[in-house]
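Dear colleague,

Here is the structure I promised to pass on. Please open it alongside this note, and then read on for what turned up.

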Amino acid sequence: MAESAWLNFHCGTDKQTRLATFHHNGTEWLLAEVSAEPLPEGGAMPGRIAMTGQFGLAPGYTGCPGCAAVNFVRCGSCAELGCWVGASVDFTCGNCGIQGPVVGTIESLDAMDVA
């Protein structure tokens, strides 16, 4: 199984698209880092590979560089990842702008690349 995967990550505050790095620890995928620098326009990496299982935060994850939120969600509309302030019941997607309550758990994601 792959050890690392990369996905687009959208900040709901500054609306920038960054790169999220996940590491697989054998039982779950852990969000380890979100790049400080936004991706350039059209900067998505090619290829889509399914990631399945449980998702969480790696020890030492410092949060979104755009807003410092330390949680993440997957948008129910566009299916992209974004930062989320866990104390809030609602989420506003930094990619498509949809707003709504956070419900359920993430069971799968489509990685841009896996190594």
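**Overall picture**

Of the 115 residues in the protein chain, 37% are buried. Please keep in mind that this is a predicted model. The chain has 11 strands and zero helices. From the N terminus on, the order of elements is therefore simply β-β-β-β-β-β-β-β-β-β-β. Take the contacts with a separation of 6 or more: 52% of them join residues 24 or more positions apart.

**Aromatic cluster**

How many aromatic pairs does a search of the whole structure find? It finds two. In one, F22 and F55 have ring centres 6.2 Å apart. Their planes stand at 85°, so this pair is edge-to-face. It links distant parts of the chain, with F22 in strand β2 (residues 17–24) and F55 in strand β5. The two residues are 33 residues apart. Both F22 and F55 are buried.

F22 also forms an aromatic pair with F72. Here the distance is 5.6 Å centre to centre, with 80° between the planes. This pair is edge-to-face. F22 lies in strand β2 and F72 in strand β6, so the pair ties together parts that are 50 residues apart in sequence. F22 and F72 are both buried. Through these ring pairs, F22, F55 and F72 are linked into a cluster.

**Cysteines**

The structure holds zero disulfides. C11 is in no disulfide, and its nearest cysteine sulfur, that of C64, is 3.7 Å away. The cut-off for a disulfide is 2.5 Å between the sulfur atoms. Is C11 buried or exposed? C11 counts as buried, because its relative accessibility is 1%.

C78 has its closest cysteine sulfur in C93. The distance is 3.7 Å, too far for a bond. C78 counts as partly exposed, at 25% relative accessibility.

**Largest pocket**

The largest pocket has a volume of about 470 Å³. Its lining is made of 22 residues. Which of them lie nearest its centre? They are V73, R74, V103, G104 and I106. Strands β5, β6 and β9 (99–101) each supply at least two residues of the lining. By residue type, the lining of this pocket divides into 11 nonpolar, nine polar and two charged.

**Loops and backbone**

- A68 has phi near 75°, a positive value in a residue other than glycine. A68 sits in the loop between β5 (54–57) and β6 (71–74).
- A79 has phi near 70°, again positive in a residue other than glycine. A79 is in the loop between β6 and β7 (81–84). A79 is partly exposed, because its relative accessible area is 37%.

G53 counts as partly exposed, at 35% relative accessibility. Leaving out residues up to four places away in sequence, G53 touches I106 and E107. The C-alpha atoms of G53 and S108 are separated by 6.4 Å, while the two residues are 55 residues apart along the chain.

A58 is found in the loop between β5 and β6. Is A58 buried or exposed? A58 is buried, because its relative accessible area is 15%, and the cut-off for buried is under 20%. With residues up to four places away in sequence left out, A58 touches L30, L31 and A32. E28 is 30 residues from A58 along the chain, and their C-alpha atoms are separated by 9.9 Å.

Best wishes

Terms used. Residues are numbered from 1 along each chain as its sequence is written. This is a predicted model: local features need pLDDT of at least 70, side-chain atom pairs count only at pLDDT 80 or more; totals for chains, interfaces and linings use all residues. Side-chain values use heavy atoms; hydrogens and water are left out. Helices (H or I, at least four residues) and strands (E, at least two) are DSSP runs, numbered from the N terminus. Buried means under 20% relative accessible area, exposed over 50%, partly exposed in between (1.4 Å probe, protein chains only). Rings of Phe, Tyr and Trp (its six-membered ring) pair if their centres lie within 6.5 Å; planes under 30 degrees apart count as stacked, over 60 as edge-to-face and the rest as tilted. On a 1 Å grid over the protein atoms alone, a cavity is a set of points where a 1.4 Å probe fits but cannot get out, and a pocket is an open set with protein on both sides within 12 Å along at least five of seven lines; lining residues have an atom within 4 Å of a point. Grid points are joined across faces, edges and corners, and a volume is the space filled by probe spheres set on the points. Ala, Val, Leu, Ile, Met, Phe, Trp, Tyr, Cys and Pro count as nonpolar, Asp, Glu, Lys and Arg as charged, and the others, Gly among them, as polar. Contact means heavy atoms within 4.5 Å.
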